[in-house]
Structures are given as C-alpha cells and as structure tokens.
Amino acid sequence: TSGKKTYVIGVSQCSEDSWRMKLNDELRDATYLHDNVELHVVSADDNDKHQIRQINAFMKEDVDLLIVSPNQMNTVTPAIDRAYDSGIPVVLFDRKTDSGKYTAFVGADNEKIGRTIGEYIATRLGGKGTVVEIRGLEGSSPAIERHKGFVSAIRKYPGIRLLASESGTWLQQSGDSVAAKMFARGIVPDYVFGQNDRMAHGAWLAARRCGLEGRIRFVGIDALPGEGGGIELVRDGVLDASYIYPTRGDIVMQQALSILEGRPYERDLYMKAALVTKDNAETMLMQAEEMSHISDQLEKLHRRVDFFFTQYSHQKVYFLLCAII
Ligand code: FRU
C-alpha cells in the first residue's frame, strides 16, 4: 500500500539451536519496524549439502538478499560465491567463507574472544597450570579463529601447558565424548576451554561421571540468557566463565536494509562482547530478563496490531459491499 518495494530476504542458518533461535527472533522483531521486508528462514541442521541446496533454492527464488552463516567454510563457500556472482548481495554473519565474495560481514572478533579467554585462564591459574581445548566444528571459521587467539595468549605464559586440543562439533554430546576420552587417557587438566557453552557443559557432565567436576574448571562461549543458558551455568558454578557471543539480529537486519536501500554501511562490522564470570552473572541475567520481557511485549503488540488491521480491512470490504449493494 505504501508503494515501497517489498524485499525478500533469505536467511540460511547452518544449525538450529537456542543461539540461532534467539537470532531468528531478533531478525523477525526487526522486520516489525519495516513494512516492506519478508524473511524466509531455513536451517541446514549442521549439514553442508543441505545448506548448499537451500542456498541454491534461494537463488532460484531470486531473493533480494541472502543472509548466511556457512556451516563449514570450504564446502559451502562455492554456493555462496555463486549467489554473490549472480548479483545477490550476501551478508555473512557469525561464520565466514574463505573467499572475499560477500557484501558485508557482521559478527564478533572470534580471535579476540579466544585470546581473552586464554588470558583469563592463565591469570586465574596464576601463570602456572594445565589446560585442554575442545574446538568447534572442523573448518567452521569461529573454531579456527578462537583456537588461534587462545593459543597465542597462553603461549605467552611458559607455566601454562596445553595438554590437548581436539575437535568437537559445537554440540553438547561432542564436548562430553571428547572430554570423556581425554579423561580415560589420564589427561586431567586444571581448565577445560570448550569453544562454546554447550561443549563446555558436555565436558562438565563427563567430568561429573568420573567424579572430576570439583578438580577441573570449565570455560565456554555464547553466554546465552534464559533457562539452561551459559549465564545461568556461570551463576550456578557449572562454568567458571563464559563470553557473550552476540546474536544482535537487529544489527544484521540494519546492515541488510542499508545494502538494499543504498545507504552507506561498514563492510566488516565487529560487535563488542564481554566476559561473564560469577561476579557479573546475576546482573547480566536480570538485564537479559528485562530485555526478553520487552521483546515478548513487542511480539504481543505486533500480534494485536495485525489482528486490528485484519478486522479493519474486513470492515472496509464489508462497507464497500454495502455501498455497492
Ligand atoms: C550456534 C553456535 C554457537 C557458536 C557459534 C559458532 O549455532 O554453535 O554455539 O558460538 O555457533 O559459529
């Protein structure tokens, strides 16, 4: 009705989990502020082939813009490159491709996060102790960057020894089984760094089964609010620390719309984040609860407005019919 073009944006998520759900909700909330955006969200369930098929389908559908988080770099990159070469603007978020073919990137500095965690652990250990790392999915960019940052930080502490660094899959079960195998080999470190909270939590569960949870401390990344999220795990002492890995769908959407509407934008947009420890976990939870309350209200309000609009247009049709008759 406003005469503005409606933009169809395809969102290709590599996985489906609470971090991605939060992001999807934020993207949806952001569309409420614009009456000309239609979102098509799909998830590849951690499967590269699936994701390639979904990206190809978005190309056929001729979406106006593609928002994508590639599961693994080398396998999914060619599909994203093809979309980009066909003229579809591409916004990468959280995970990167290994080519320069993208319009914009929005995410956090994973190398810096890894470095901060390395420094945190080294400091907590007073410069002396042992640590193991459970990495994310092989070939997904945050796993590579977090590892790089982490190793570069602990390398500066001669008293800190990295006993093992092994690949997981970002899933809790993988953190559990990788840690269980390490413990079975007699590797019992002072700290486990799981590259996300789910894997760190999995490692804690494995330690608990072996009666080791009191001897080892666990650090993760994501620090999601809400029940079972990383902030709660830190508050409850399961994790020693976590790092907020921002979802910020509002910023992703802003970036997408700037591109579509020809406004200036930063090509590589790195969002700030912060460490969560026992000292600030309670405050963070309170703030997050307030935020989620506001977002719930917004959702309710949106549904009501939608309802009134539908009623209003029905009435308009009704009056129009009366007038004709
Ligand atoms: C969510 C997730 C997070 C992790 C990020 C890395 O799908 O696995 O737990 O921080 O992806 O891309």
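**View 1. The protein chain is divided into domain 1 (7-108 + 247-275) and domain 2 (110-243).** These bounds come from an automatic or database domain assignment. The model is predicted: local features need pLDDT of at least 70, side-chain atom pairs count only at pLDDT 80 or more, and totals for chains, interfaces and linings use all residues. Residues are numbered from 1 along each chain as its sequence is written, and side-chain values use heavy atoms, with hydrogens and water left out. The C-alpha trace of the chain spans about 85 × 45 × 35 Å along its principal axes. The chain holds 10 helices and 12 strands. Helices (H or I, at least four residues) and strands (E, at least two) are DSSP runs, numbered from the N terminus. Of the 325 residues, 50% are buried. Buried means under 20% relative accessible area, exposed means over 50%, and partly exposed lies in between (1.4 Å probe, protein chains only).

**View 2. Domain 1 meets domain 2.** Their C-alpha centres lie 28 Å apart. Here 15 residues of domain 1 are in contact with 20 residues of domain 2. Contact means heavy atoms within 4.5 Å. The size of an interface is often given as the accessible area lost when the parts come together. Between these two domains, the buried area is about 1500 Å². Carbon and sulfur atoms give 60% of that area. Buried area is the accessible area (1.4 Å probe) that two parts lose on being put together, summed over both. The count of salt bridges between the domains is 2. A salt bridge is a side-chain nitrogen of Lys or Arg within 4 Å of a carboxyl oxygen of Asp or Glu. D17 and R198 form a salt bridge through their side chains, at 3.4 Å from N to O.

**View 3. The largest nonpolar core has 42 residues.** A nonpolar core is a set of buried Ala, Val, Leu, Ile, Met, Phe, Trp, Tyr and Cys residues joined through side-chain atoms within 4.5 Å. I9, L65, I67, I117, I121 and V252 touch the most other members of the largest core. Helix α9 (residues 249-260) gives the most to this core, with 7 residues. Domain 1 and domain 2 each supply at least three residues to this core. Now pick out I9. Beyond its neighbours within four places in sequence, I9 is in contact with V37, E38, L39, H40, L65, I67, M253, A256 and L260. A second, separate core has 32 residues, including A179, A203, A206 and A281.

**View 4. T31 sits in helix α1.** T31 is buried, with a relative accessible area of 11%. Not counting residues up to four places away in sequence, T31 touches V37, L39 and M253.

**View 5. Helix α7 (residues 197-209) is largely enclosed by the rest of the structure, because 10 of its 13 residues are buried.** The buried residues are D197, M199, A200, H201, G202, A203, W204, L205, A206 and A207. They pack against β6 (129-135), α6 (172-184), β8 (191-194), β9 (217-219), α8 and β10 (241-243). The expected span is 1.5 Å times one less than the number of residues in the helix. G211 follows α7 and has a positive phi, near 70°.

**View 6. Helix α10 covers residues 278-324.** Its 47 residues should span 69 Å at 1.5 Å a residue. The end C-alpha atoms are 69 Å apart, which agrees. Within α10, A281, M284, L285, A288 and E299 are buried. The buried residues of α10 pack against α1 (18-31), α8 (230-235) and β12 (275-277).

**View 7. D94 and R248 are both loop residues.** Most residues other than glycine have a negative phi. D94 has a positive phi, near 65°. D94 lies in the loop between β4 (90-93) and β5 (104-108). D94 counts as buried, at 4% relative accessibility. R248 also has a positive phi, of about 45°, although it is not a glycine. R248 lies in the loop between β10 and α9. At 37% relative accessibility, R248 counts as partly exposed.
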